[in-house]
Amino acid sequence: MKLTGRVVFRDIETGVWVLEGDDGRTYQLAGGDRKIKKDGQRVEVEGDVARDVLTAAMVGPVFNVASYRFI
């Protein structure tokens, strides 16, 4: 699955990195590396949505990043 959007840090609990997708949905980011964690940066990510995971942040489904690129 490929998504595009903006990486945003949300100060919830201990902090969480999310992708505000161009599809109008918000995804909690998992995987990738620390370079993807740039607040406000636009990215295209490839990976999959983890359907069986719950998190304390409850910001949206968890997106497991396999690869990404800045756009």
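This is a predicted model: local features need pLDDT of at least 70, side-chain atom pairs count only at pLDDT 80 or more; totals for chains, interfaces and linings use all residues.
1. First, the term used below: a salt bridge here is a side-chain nitrogen of Lys or Arg within 4 Å of a carboxyl oxygen of Asp or Glu.

2. Glu-44 counts as buried, at 18% relative accessibility, because the cut-off for buried is under 20%. Arg-69 is partly exposed, at 46%.

3. On the overall fold: five strands close into a barrel, in the order β1-β2-β3-β5-β4, with mixed pairing. Neighbouring strands of this sheet are turned by 55 degrees against each other on average, direction ignored.

4. Strand β1 (residues 2-10) runs antiparallel to strand β4 (residues 42-50), and the two pair over five bridges. Leu-3 has Val-45 in β4 as its bridge partner. A salt bridge also joins side chains here: Glu-46 meets Lys-2 at 4.0 Å, N to O. That links Glu-46 in β4 to Lys-2 in β1, 44 residues apart. Glu-46 is partly exposed, with a relative accessible area of 37%.

5. Glu-20 belongs to strand β2 (residues 16-21) and Arg-6 to strand β1, 14 residues apart. Both are partly exposed, Glu-20 at 23% and Arg-6 at 36%.

6. As for the tally, the structure holds five salt bridges. Shared partners join Arg-6, Arg-10 and Glu-20 into one network.

Conventions:
Residues are numbered from 1 along each chain as its sequence is written. Side-chain values use heavy atoms; hydrogens and water are left out. Two strands pair if DSSP finds at least two bridges between them. Helices (H or I, at least four residues) and strands (E, at least two) are DSSP runs, numbered from the N terminus. Axes are lines fitted to C-alpha atoms, for helices over the stretch in contact, and angles run from 0 to 180 degrees between N-to-C directions. Buried means under 20% relative accessible area, exposed over 50%, partly exposed in between (1.4 Å probe, protein chains only).
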